[in-house]
Amino acid sequence: MSNGQSDPLLQVETTCGSLLYELQIIWDEVGEPDAERDRMLLELEQECLEVYRRKVDQANRCRAQIRQAIADSEAELAAICSAMGERPVHIRQSDQNPGSLKEELRAILPQIEEMRKRRCDRKNQFVEVLEQIQKLKNELSDSSGYISTTLVVDEFDLSLRKLEELQRELQALQKEKSERLKQVLDYLNTLNSLCLVLGMDFKQTVSEVHPSLGDPEGSKNISHDTIEQLAAAIQGLREIKIQRMQRLQDLAMSLLQLWNLMDTPIEEQQVFQKVTCNVAASENEIMEPNMLSVDIITFVETEVSRLEELKTSKMKELVLKKKLELEDICRKTHLIPETDSSLDIAIEAIESGAVDATCVLEQIELQIAKVKEEAFSRKDILDKVEKWMVACEEESWLEEYNRDENRYNAGRGAHLTLKRAEKARALVNKLPAIVDALASKTSSWENERGIEFTYDGVRLLSMLDEYNILRQEKEQERKRQRDQKKLQGQLLAEQEALYGSKPSPMKNQSAKKGPRLSCGGASNRRLSLGGAILQTPKPDMLHPPKSTPNTRHGKKNDRLSHDPTRDDGFQALSSGRRGLDIAGLPLKPHSFNPPNSRELESPMMRKPFSPISSTDSSKSNATNMLEDLNRKHNEMLQKTLTNNKTPFTTPSKTISTLDEENRTPKTMAIPLPSTPSTVTVPMLTATTPAPSAPESLEEIEYSFEERRAGFVVPKEHLKTVIQI
Amino acid sequence: MTAAPQSTGRELTGPPTDGISNLRFSNHSDNLLVSSWDKSVRLYDASANALRGEFMHGGAVLDCCFHDDSSGFTACADHTVRRLVFNYGREDILGRHDAPVRCVEYSYATGQVITGSWDKTLKCWDPRGASGQERSLIGTYTQPERVYSLSLVGNRLVVATAGRHVNVYDLRNMSQPEQRRESSLKYQTRCVRCYPNGTGYALSSVEGRVAMEFFDLSEAGQSKNYGTFATGGCDGYVNVWDGNNKKRLYQYPKYPTSIAALSFSRDGRLLAVASSYTYEEGDKPHEPDAIFVRSVNEVEVKPKPKVLPNPGT
């Protein structure tokens, strides 16, 4: 039994044997026939066989299943390997001792497990990469709301090659992203600097383009759309910047002009230095923060409009001031301000706002410059005119004095009067020479310029002519008077012999004053008026200057050694020098003078002489005008005469006054100190060469370039320059 | 640069085909602008010896100057004043004179272009003015004679004209000259150049003399440091002078023909020399026109130390 327990088959066999034996016993007892017994045994055998067969079938089926499982596993393994792009690791090695099927299955299962794990890992890698790609694609694609189709991993291709491919794609996308990001950052930087310059809120500007851009930390949207919008924003801002820059530069220009015009103090300018220094800057040069902000522009605008207002108010003031200055200069130089009335009109126009004050100002300034230049050229002639007038004054006094019957009566101050008379006689002797010199100088001046030399609107030459005619008339009258007196004397002597009485000759003399008055030129009357009032306001004295002392002609030659000679001598000297000077500069000998005195050599002096057009301006017109003008200028003239009295008597003073005017005319500086005796004879002849000399020297110099270019100075051009 | 130390410097390739009227270095680079009678304006890179650009005008170009490194101005015998933009090869006419324009200067102080012409005027231009004379012309100032030479320093402008006039202007007040002078030299003025320190100007005549003048006369007596300067003559020589001591410092070897123009580069290391016949003796056969760029040694331009009679003082 113990044996049977250890082996169930044995036990079964024993049980089968004992059961058969029990059956034998039962049958024996029952007495079953043998046939029945055999049949029963066969039945038993068959039933046993049936059971065996069933079990074998079952076992057979089980084996087939295992085989199937192995085959399936191997197929899966192969599939996985192929999907992962690896060589199939394990195909059944049939030649090797296979062992049982179950062993085989057991061996293959962990491999499958392993491969499945690997595949899973690989798949995860794919998913990861694909996810990143998808994310990048989303970021890069234009529509931000777009969500990609679900992730699909190709189960059948999980090879490393494919993975690498995907990773390359990923890298490409990452690169693109970084590029875009860089571009966006670049744009943002540009935008920032633009905003800074324009004084705009950078964050707000950027947020308008895309909300994500305003956040300095967070990720930026880098889609094409955004980049384009950024570029557009930059373009827009740049346009604004250029616009504003131009506006600012325009303003700065007007600022500069206004400053220049009004001599604005530096401190005031300093505030806008930043603005004005950018006047010529180009667009990308202006980088300073807030340089082009609206605030700055309005700030500058207000300043410009402030200055503009200031300017208009000041301008009128300035114009009036300048006008006064012009009038003052004209008065000093006995010029008639040409456009007086037109100026008044212009000023009225300014007041009504019809004309820009700057134009008028410029015009006045131009006139002032012109007048100054002219005044300068007239200077030495004017000085001579003053001398002449003083001499005339003395002449009239002397005449009056001579007429005084009691002049030799010794009284208080008689010796002073005597002395004065002595001096006056000497002066009067010089008068014709003065007049001649003045006339020749004036005519040479006129020739040189082709215009008339006017004195308070009257042509000086006609004044001089009249004076000369008057003098001659007086001379004749005097002669006649003398003859008559002689005749009367004879007559009287005869009468005396007859009647013994003697009528006064004075009656006749006074009667002859009448006609003299009528023929007197207006200019002379003016002179005499001035002279008379200066002296003593005796009503009789209005006429005397017209009568000239009869001694004048006789001593003419002596007198000539004075003023005119000096001038002429000097002219001869300068014209002589002219010949030496290739450049044709007449006043060169004084080159040792400091340069500021070189103004003397104004262009006027060197210009060729244009033909005298109509020097004989009708005297009648002149005198008609004179009547009016005289009245106006009488008062003024008196003043000038009083002023000029001193320079004449003390010549040294003239120089000093001239210096004050910053002119230092050499022509004056030399003649005054020179003694009359040294320079003598060549006077009237020497004055005339002036017009001819420069003409011959007027051969125009040309530079090498002008010669090469064949440039010729046009003739009309010369003329226009002269007329300036 | 070249083998022989006594050389004339490196000659630029592609020189103008006719007389050179002026050349100038840029203030920002070694670019060299050259104007010529062959109606061209050329831009060279002097250090690279390369022609960078060329503009053709309607007449001989008598002067040129830089605006900034990328643009410049020219004075043309066809009476026009032009602005050139080198990068784009663009040129605008800034305005016109009534006669050939002799000289042009750009004032950095005022941002104006100043031109002098044989029509006896000076004109100031605003280079930013849109094309059209009425927009760009700032002012016209009549001169006593044809303008021959201009020079600028700071706000001062010196104008030399025929007839040996010299007018000194203050650019801030152009209504009239600040000073009217006469050249102290006997003959026609050829050229005038201001001292960089702004105290005066040097003036040369056709005779070959150079006078040194001062704006403020009181400064003439003082020995101010106004450095050295170079002159070039029709004898083909370039001399370097010590103005303080009235001594010649250096004479460069003779160039083939007259020196038409000179220019130092911004740092003074290069000297451009235009060796080009200036028609001083009329139309005659002459050497070809050439531009030489030579490097300047310190020895050549540094004043020699003055020997003091008493070292103690």
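This is a predicted model: local features need pLDDT of at least 70, side-chain atom pairs count only at pLDDT 80 or more; totals for chains, interfaces and linings use all residues.
Residues are numbered from 1 along each chain as its sequence is written, and chains are lettered from A and ligands numbered from 1 in the order in which they are written. Helices (H or I, at least four residues) and strands (E, at least two) are DSSP runs, numbered from the N terminus.

Two helix contacts were examined in chain A. Helix α7 (residues 224-262) of chain A and helix α10 (residues 294-332) of chain A have axes that come within 10 Å and cross at roughly 30°. Axes are lines fitted to C-alpha atoms, for helices over the stretch in contact, and angles run from 0 to 180 degrees between N-to-C directions. α7(A) and α10(A) are therefore roughly parallel. Angles under 35 degrees count as roughly parallel, over 145 as roughly antiparallel, 65 to 115 as roughly perpendicular and the rest as oblique. The crossing of α7(A) and α10(A) is left-handed. That term applies if the near helix is turned anticlockwise from the far one by less than a right angle; clockwise gives right-handed. The contact of α7(A) with α10(A) has 15 nonpolar, one polar and seven charged residues. Here Ala, Val, Leu, Ile, Met, Phe, Trp, Tyr, Cys and Pro count as nonpolar, Asp, Glu, Lys and Arg as charged, and the others, Gly among them, as polar.

Helix α5 (residues 160-198) of chain A meets helix α6 (residues 202-209) of chain A at roughly 135°, with axes that come within 9 Å. That makes α5(A) oblique to α6(A). Their crossing is right-handed. An unreviewed UniProt entry places a "coiled-coil region" at residues 156-183 of chain A. In the model, residues 156-183 of chain A are 86% helix and 0% strand, with end C-alpha atoms 40 Å apart.

Residues 94-126 of chain B are 0% helix and 64% strand, and their end C-alpha atoms lie 8 Å apart. Strand β10 (residues 101-107) of chain B has seven of its seven residues buried, so it is largely enclosed by the rest of the structure. Buried means under 20% relative accessible area, exposed over 50%, and partly exposed in between (1.4 Å probe, protein chains only). β10(B) pairs with strand β11 (residues 112-117) of chain B in the antiparallel sense over six bridges. Pairing requires at least two DSSP bridges between the strands. B:E105 has B:I114 in β11(B) as its bridge partner. The two strands form a hairpin with four residues between them, and B:G111 in the turn has a positive phi of about 70°.

Six bridges join β14(B) to β15(B). B:S151 stands opposite B:V158 in β15(B).

Most residues other than glycine have a negative phi. B:R164 is not a glycine, yet its phi is positive, at about 60°. B:R164 lies in the loop between β15 (156-161) and β16 (165-170) of chain B. At 1% relative accessibility, B:R164 counts as buried. B:N49 also has a positive phi, near 50°. B:N49 sits in the loop between β4 (40-45) and β5 (50-56) of chain B.

Terms used. Side-chain values use heavy atoms; hydrogens and water are left out. UniProt positions are given in the numbering used here, feature names are shortened, and annotations may be inferred rather than shown by experiment.
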